[in-house]
Structures are given as C-alpha cells and as structure tokens.
Amino acid sequence: MLNIRKEFPGIVANDNITLQLKKGEIHALLGENGAGKSTLMNVLFGLYQPEQGEIRVKGKKVNITNPNIANDLGIGMVHQHFMLVEPFTVTQNIVLGKEPKNKFGMIDIQKARKEIKELSDRYGLKVDPDAKISDISVGMQQRVEILKTLYRGAEVLIFDEPTAVLTPQEISELLDIMRSLVKEGKSIILITHKLKEIMEVCDRCTVIRKGKGIGTVNVSETNVNELASLMVGREVHFKTEKKEARPGKTVLKIDDLYVKDKRKVDIVKGLDLEVRAGEIVGIAGVDGNGQSELIEAITGLTKVSSGSIKLNDKEIANLSPRKITENGVGHIPQDRHKFGLVLDYSIGENIVLQTYYKKPYSKAKVLNYKEIFRKAQSIIDEYDVRTPSVYTKARALSGGNQQKAIIGREIDRSPDLLIAAQPTRGLDVGAIEFIHNKLVEERDKGRAVLLVSFELDEIMDVSDRIAVMFDGKIVAIVKPEDTNEQELGLLMAGSQVKAGEQSQ
Amino acid sequence: MTSNNKLFGILVPIISVLLGLIVGALIMLSSGNNPLEGYVALWNGAFGDAYTLGETIRRTTPLILTGLAVAFAFKTGLFNIGAEGQVIVGWITAVWVGLVIDAPMIIHLPLAILAGAIAGGLWGFLPGLLKAKLGVHEVIVTIMMNYIALYSTNEIIRSVLTDQQTTTDTIAETASLASPWLQSLTFYSRVHYGVFIALLAAVIMWFLVERTTYGYELKAVGFNRHASNYAGMNVGKNIILSMVIAGAFAGLAGAMEGLGTYGNMSVMSGFTNLGFDGIAVALLGGNNALGIVLAAILFGALKEGAGEMPTAAGVPTELVDIIIALIIFFVASSYIIRWAILRFKKEEK
C-alpha cells in the first residue's frame, strides 16, 4: 500500500492540509489560484521544507529535502511548463540527468531507447523515441514528460494543470492515459481547477481554500456544484445567466483580411467576420491558427497586409493603436503581463494607461495624480479589484485582480467594440464567473463583444455566435445551442465532416 | 512593501558608502598609513576652507548633470554610456559659440549654454534613432559616439578653432558663467554660476519624470514596451526623446566646463571621465534627482579632497579612486546588502 500522508499546520501558505493518496487512485487537488496547491506539491517534491507536519510514504516517515530524494521515493512531477530541451530527441530528453552507461562509461542510448519504447507501449503513450522535441505537438511533449517520470521509476505522478495547453481531443486522450497508468498500479495526483476533468477521471478530491485544507470527498458522491462551492466558499453559477441576444447594427466588419506573422508568412488568410452591436461572437480555434494576429491587426498592433477592417463603417485598418482606441475599441489582451499592464506602475497609473493624456488626468502635459487615483479608486470599487490601495504596484496583485483591473479599465471607456482575448486564462471559477457576467452586461448595453478563447466551455457558454477559426480563416459560424464540443473540436482541427470518424 | 522598498533605496547607498570608507580605511592601514589622518585630510581637502568648498562645488556641477543624463535614459530602459561623448560635444559647441558670436551677455550666454545642450542632445539623438528604428543596441552606438566626439573635437580645436594649437582662445566675457561674486566668496576658486543651472536641471528632471505625461510615457516604455505600444504610445518616439533629453543634460555638463570652469577647451588625450562618473553617480543616486545631487556632491568632495591627502597624510590620491570603486561595487552588489539587512531584521524578531 502506498500511503502518502502529509500534515503541516502553522504557516499561512499551507495550513493544516492532509492529503492521503491510495495506491492506484487518481486523486484531485482542487483549489483557486493562490490557494496553495503548488506550495503543497513543492513540499512533497522537496523544493520547500514544511514547518510542521510530516510526509509518509508507505507508512514510513520520510524527510524529502530535495527533488532527488523525491525521485528516489518514486514521486515524479509532470510540470505545467515542460522542461524539455527542444533540439534533443525524445530519448535524449528522457535520459537527461540519468543516462545509462555502458561498461566504457559511454551513454548507452540504444538501451535507453528500448526501455522507453517498452514503457511507451505499456501505457499506450505512442511516443516515437527518435523524434525531436521541436517537431512534436504539445500533447506529445507532455507525454514525454510523463515518460520521463516513469523512466525514473515514479510510482506517484503529480500532474500540474496538465490540460491547460491541450485541445479537447488531446485532453480526452490524456485522461485515457491516466486511466491506463492507474490500471498498472501507479497513483496520480492531479492538480487542477477544472471541475469537469475531476468528475470524469478522479476517484477522490482534496479541496484547499486559502491555504487551508477543506477536506477530501469521494468524487462519486459529489457533483460539480458542490466541488465549486467547496473551492470558492460560496455558491457558483456555471451557466452564465443571459437573455436572448438582440443584435443591432454591424459594429465590426472584416473583409478578406490578410495578416503576416513575425516570420513574414501569411497567418490570417482572407478572413471575413462581422460582429454586431449587442452580441458576443466567440472565436474558437486551436492556438496558432491566427487568432492572436487577427486581434493584433484589429487593434493596430500588427500591420494588415491587405483587406479591410471597418468599425462603424469607418476604415481602421493600419491606424495607430491610439487612433483605434479613440475610435471606440477596448481590448482585454491575451497576455496581461506583457500587454495589459505596466507591472511596475501602481494600479492607479495602470488604470489611465490609455487616457493619461486627456483631461482631467492631465492638463497641459502635467499629470493630475489626484484625479488619476480618484478614478482608479472608483474602478477598483466597481470591479471589486482586491488591492491594498491604488498606490500598490500592479505586480503585487493576483492574476484575477490584475485581470479585473484591466477589464474595468477597458469597459469604463465604454467602447463600441470590446475585444476579450482569453479573458479568463489561469483564473479560478469565482473570477471567471465575474468576468463572464461583465461581458454579458456589456453586450446587453448594446456593445459588440469579440471573444477569443481556447476553452470550448467558455466559448459555448458566453457566445451568441461561434466563429470557428482554422488556418487563418473562419471556417464555420455556428450557434452554441446547435452544436457540441465534439463538432467544434473537429471543425477546429480543420475537418469539414459534421460528425465523422475521429481524426488521428 | 512599498515603504520597505523606499527604505532599501535609501539604506543601500548609505551602507555602500560606509562600507567603501571602511574598506578604504583597511587599505590605508595595510599600507602603513593612519586612516583617521587620511580621512581628516580628505575632509579638509573638500570642505576645509572656502576655497576648497568652492572647488568641490565646481567639481560637483558637471557630475550632477552627467548623472541626470545617465539616469534619465535609464528611466526609459536605456543605458546611456554616451554621456562622455555628449559632454565633449556640448563643451566644444558651447566654447565655439562663446568664441565666434558677438552679442550682449543676455543673449550670448543663454545661447552658448543652449548650444551645448543641443549638441549633446544631437549626440543622443543618433543612438536613439538607431535603437528605435533599427534596434541597434544603444550601448554599442553610444560607446562609438564617444570616440567620434573625442577625436573630431580634437581635430576641430587643432584645425578649425586654432591654427595647430592645443588650446582654444578664452571665450568672450559675455558668454562666461564665471562669477566674480562667488569667486570672491571662495578665495578665488573656479566655482561658477553653473551650479544653479545643474540644480535647476535636477528639478526639471524630477518634474519631467514624475509629473508630466512625457515622464509617464517614458517610464512606461522603460518598464514595458509592449504594454506601452498596446496603450497607444509611440515607443520609438519615446526612445528617441529620452536619448535626446539625456544627451542635452550631458551637453549642459560640457557647457559648464567650457563656459564656467575653463573658459576654453584643450585637445584631450583621453576622455574627461565626467560622463563615466555620471554612470556611477546615477547608480549611487538611485536614478532619482535628489539622490543624484547628493551622490554628485559626494563624488565631487571625494575627488576634490583627494588632492589634500598626499601632502597632509601621505596617502596617495589613488586611494580615493579605490574608495569610489568600492562604493560602486557595494551599490552594484546591493543584493548582498539587502540580504544582509533582511537577515538582520529577521534575527531581531
């Protein structure tokens, strides 16, 4: 019996959390962002030392002071951000740090290759040991990470938010892999805040909230709503409440748009799209099909090579970002750290990032900080941004609160067109609910909303129309009530077949 | 959190200076000198009488300006190694205007000062332009611009302003910053009105950076280029503007030397080091206007006081260079000091 037990009361990050993993189970670790999931796992993995409490493996007390000890104990981690050397092959990556040597002290790559092949076949991973990492898909790379832990003899595998980067098809394959791993006697800890996955694959679920262990429940005896309220500490609505959309005049009209990516290759290839006032159009698609470039083109961050973008019948293609903003476009950027915020500015200064040069925030080029911080305070109050003060640096806020500040800033300018690129990425259900409600609220005020997301749930839930983007074009426009994830997934993969055979 | 950072911002330079002096004392001890005598000589050399005080202020003046020049560019995330070259072109241009133009003081002096600032600004414009348009790294360009400034200035002095002489004529009275009033107060030291210009420049820098939309944009570009672009700021324009203003500050420093201290310019065998010292001043002053003024005073005093050390205490002047180097070393390794302070605090609890 494998039995990891860990308790450590005392410090705030992890307050008296008990997690018991049985052999052969998939155990979910559920919690909001910043709840302390990663801290807990880092303790288990030997990166942090607990102030109190103890870890037991197979009933025996152990002292894990560094990751190597964790490895020796059979604990392996599949990180959210892969730790792979791109130009190396799968085999080279897997043996890295634990290279098998032949009697001359040379690396015995053939032996390693054989072992890896065997492991891969046993668990149905279908990994080619000779492929280069840079040539294989993200889903495959993740399997290499799994193999890496198995190769090191892991009995307990920790998956840190493994589905965040995968397409729906890849997710279901990953869940199958997890099932076959436990069938072979491995045990899995799945860190996630996606409730659907927990319901689908896990046996038990431990919930932490604000560093405290809330408890462990049997997944078969619970449901999504209960898990969510355990995690957040209050009732959560998954289905965004919304009335029927009443689309008005066309706000955004894109015709035959071509945009080049950084390598000067066409990535948006003749795209047409219309967004009308009072509707939310969701763009579904696998990352890398031109969504980011489309948005950058609309907002003026990237040059348009040809085609037209009309906002309220006015051509805005290739205008400067400032002109486009002034024409009534709000943009919640995909990467809030890179684009959305100046992290070293206070939250107040960030609130006026696009309006600082206007009255009343400045007069004759001299800033009026009193007005700036007054405005910031009102947005912080209205959008429930939790920050010690408006003078706090944006860097110090949690992701959810940073995002709320950005959304407050963008919506407050009451733009005719609001572009939201992955507005809920990395956020927990509480913040997601809030953001979805805000988007719908804007729609009901008669604004046009363009939502880009890689999360099908989000697209299905919030959009009034779904535009599926593949290979730089909109390949289909469907209504959420007339479709399902399966069909969308196929469309996103470029398949024209309505409901046909599974690709791959 | 924020107040903690501010505390560090003040503590780190102070501790660095103290550590620099302590290690300097150890070096004096190890070479058989009395550190106390050495430091007394240093103090007297810098502040001992009205004359040395005047000379200390005179030395401090251009250091404030070059410190501002480095710090200002740094606010936009640019490393202006070119303050040196900007000083040189500012100097020669100011002297040139001081020599050839014939006008009443009320026109001539401001014109000469302005010419120095514009020349420095132009010297900053080029690296800024290359950075903004072509992404050429400003460190490389500014370093090369330093050499261009040095050698072309020498050639201008030799072939244009004089006939194969090594020093230009003295500028017209009407373009001089020299102040008989200040000189008489300080036993005829070379202190001049430039110090007020330098202090005014520090105030301008503070106001520009902290209170205007220009400063807001410049800092935003320095912190996060992508977000600035997203917010509709013209990133390239800000980079150029930042380098131009930085260059103008350094150009002013050159004008101070040309119009105030020396009243002429000589062929130089090497750099003035005013620009390079500006980097140290900016670093020690935490890129903040008030900090820069204080750091410049410290460096000015150390450099002026050093002259007294060999005669009064038998300590070679080079020791001051060692101390300055040590201070910079400790500021640069402020991480260690931060760590030590934190450690200390923790144990107190």
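Trainee: In what order do the 6 strands of the open sheet in chain A stand, and what is their pairing?

Mentor: The model is a predicted one, and what follows should be read as a description of that prediction. The sheet in chain A is open, and its 6 strands follow the order E5-E6-E7-E2-E8-E9, with mixed pairing. Strand E5 (75-78) and strand E9 (212-218) of chain A form the edges; each has a single partner strand, so one side of each is left without a neighbour in the sheet. From one strand to the next, the twist averages 20°.

Helix H8 (residues 224-232) of chain A lies across strand E2 (26-31), E8 and E9 of chain A. The helix runs at about 30° to E8(A).

Domain 1 covers 5-232, domain 2 is made up of 239-328 + 447-504, and domain 3 covers 332-414. Taken over C-alpha atoms, the centres of domain 2 and domain 3 of chain A are separated by 27 Å.

Chain B may be described next. Its secondary structure consists of 16 helices and 0 strands. For its 349 residues, a compact globule would have a radius of gyration near 20 Å, and chain B agrees with this because its own value is 21 Å. The C-alpha trace of chain B spans about 70 × 60 × 35 Å along its principal axes. Of the 349 residues, 52% count as buried. Among the contacts in chain B between residues at least 6 apart in sequence, 79% join residues at least 24 apart.

There remains the interface between the two chains. Here 16 residues of chain B are in contact with 24 residues of chain A. On the side of chain B that touches chain A, helix H9 (213-223) and helix H10 (225-230) of chain B each supply at least two residues. H9(B) gives the most to that side, with 5 residues.

Key
Residues are numbered from 1 along each chain as its sequence is written. Chains are lettered from A and ligands numbered from 1 in the order in which they are written. This is a predicted model: local features need pLDDT of at least 70, side-chain atom pairs count only at pLDDT 80 or more; totals for chains, interfaces and linings use all residues. Domain bounds come from an automatic or database domain assignment. Helices (H or I, at least four residues) and strands (E, at least two) are DSSP runs, numbered from the N terminus. The radius of gyration is taken over C-alpha atoms; the globule rule is 2.2 Å times the number of residues to the power 0.38. A residue is buried if 20 or more other C-beta atoms lie within 10 Å of its own, exposed if 12 or fewer, and partly exposed in between; C-beta atoms are placed from the backbone. Two residues are in contact if their C-beta atoms, placed from the backbone, lie within 7 Å. Two strands pair if DSSP finds at least two bridges between them. Axes are lines fitted to C-alpha atoms, for helices over the stretch in contact, and angles run from 0 to 180 degrees between N-to-C directions.
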